Amino acid sequence: MCTPSKTLQPCVPFPLDDALLQEVVEKAKDWAIMHGAAMRSKQDFNPDALLFAPFILTPSSFPRKEFQKAVELQPLLNELIHAVAHDSQFLLATLSSTEKVDEFTRALIAIYRTVLDEGIAQTVTLALLRSDYLPNFSDTIKQVEINTIASSFGGISTIMTPMHSYILSELGYREKLVNLPDNKALSGLCDAMVEAWKLQARPSAAILFVVENVTYNICDQRFHEFYIRETYPHVAVVRRTLTQIGEQGRLGPGKELLVGDVEASVVYFRAGYEPGHYFGAGEWDARLLIERSVAIKCPSIQYHLAGTKKVQQALAKPDVLRRFVGDDAPKIEAIRDIFTGLYSLDRDEGGDEAVALALADPERYVLKPQREGGGNNVYGADIPAALQAMSSAERSAWILMERIFPPLSTGYMVRPNGPVPPPLVQLVSELGIFGAIIGSKDKVLYNKQIGHMLRTKLSSSNEGGVAAGSGALDSPYLID
């Protein structure tokens, strides 16, 4: 891996005195558990117990100008992905080669083709998006990906700012709190769900959370449910797995989605984004049933497909943005500015040339499949063997992306059962900006930037997912 040439100035002087560090770490762990910055253990699962989620003790530095750029850009990205999701010709053409070799993408497209042929029952969609960025070595942000399904950690991230405010105060740095941006991700995500629910004008219907059969990231999900019930007590929230929906679900006479004795007018997917969530035909039948209904989906099947890496790579082509943004040069330039190099591996789209680039200098690239949830990418020295093991057809399930080499920060990563006190380590942070958009193909009804999250990993680690086990929760400390 290339070594970044820059280390960002930390928010407080390091290292901390050992006695002070040990004391504040114990306070921080208790604060995290008592305020819900917690998860169930994957190693020792117990539905009656929580562990604090891994976190960075003090907020990590992030360039203020680039943070603001990402915030301001989000409504434009919402509109872009909304337009992409409602262009069936573009989606099917872009994913045609992937469909042939990637079984999961093929199953999603089969559902999409079915509802297109039948006529889409609900033309209004709700999207809760998260656009993820890394600053590169010159501090300008580059987009890692945009998530269109199960964009997580809005709930827990919202409490990281007050947690870090508490820790900085305990360390005697209250004057630094002005550099912690306010974060309303939880309320923003939930308010958008309720806006979609209101559009349905079915007061007895519920918002349905589609969840995993075993949920480790329970606090993040429950925060949404509890916020809705507290703020909008007349709106019911129910949780069901795809398995349960397959067993209990049916359509009413007007294509209402009925699960047992509950009607769901809005469906919020926190599962269904990876093959492991589908155990057999029953779960796929459930996904199709939901798509056939008049419930507003978050996301709809076409929005799910719009979040694939292959679509992201296609959008980076010079003329494709004009299809969705028009000839608005400033908009095109603003979006293009955040793209890093993205290459198709399809033979007829210059794939052989892209493979040659990767083999010549693999440390400059990342191989990405059409998957969400973390832990799926191939990096650096592992790329040549991965590419050489693929047929030219199998390559169509992947894209090649230029690797972003971000500046380092310094801090203490606190993990359950980790070393006490934690060592001072070098870190890399990834910013996620949340957005919400509601509308149909021809009309946008609601479009907002609604909050942020920061995930931080060891600089030596490739993957950074908190739920996947390699990252830690954080919040940005804005620097000029």
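Predicted model: local features only at pLDDT ≥ 70, side-chain atom pairs only at ≥ 80, totals over all residues.
Close-up 1. Strand β20 (residues 471-474) is covered on both faces. On one side G471 and L473 are buried, and on the other A472 and D474 are buried too.

**Close-up 2. Helices α5 and α10 side by side.** Here you can follow helix α5 (residues 103-118) as it packs against helix α10 (residues 281-292) at an angle of about 35°, with the axes 10 Å apart. The crossing of α5 past α10 is right-handed. From α5, the contacts come from F104, A107, L108, I111, T114, V115 and E118. They meet W284, R287, L288, E291 and R292 in α10.

**Close-up 3. Around L208 in the largest nonpolar core.** This core holds 67 residues, and L208 is among those that touch the most other members, along with L80, V84, L257, L315 and I335. Helix α2 (residues 64-85) supplies the largest share of the core, 10 residues. Leaving aside residues up to four places away in sequence, L208 touches V238, R240, I245, L257, V259, A264, V266, V267 and Y268. A second, separate core of 66 residues includes F55, V124, I159 and I296.

**Close-up 4. Helix α8 from end to end.** Helix α8 (residues 218-231) has 14 residues, so at 1.5 Å a residue it should span 20 Å. Its end C-alpha atoms are 20 Å apart, which agrees. Look along α8 for the buried residues I218, C219, D220, Q221, F223, H224, E225, Y227 and I228.

Terms used
Residues numbered from 1 in each chain as written. Heavy atoms only, no water. Core = buried A, V, L, I, M, F, W, Y, C linked by side-chain atoms within 4.5 Å. Buried < 20%, exposed > 50% of the residue type's maximum accessible area, 1.4 Å probe, protein only. Helix = DSSP H or I, 4+ residues; strand = E, 2+ residues; numbered from the N terminus. Contact = heavy atoms within 4.5 Å. Expected span 1.5 Å × (residues − 1). Axes fitted to C-alpha atoms, helices over the stretch in contact; angles between N-to-C directions. Left-handed = near helix turned anticlockwise from the far one by under 90°.
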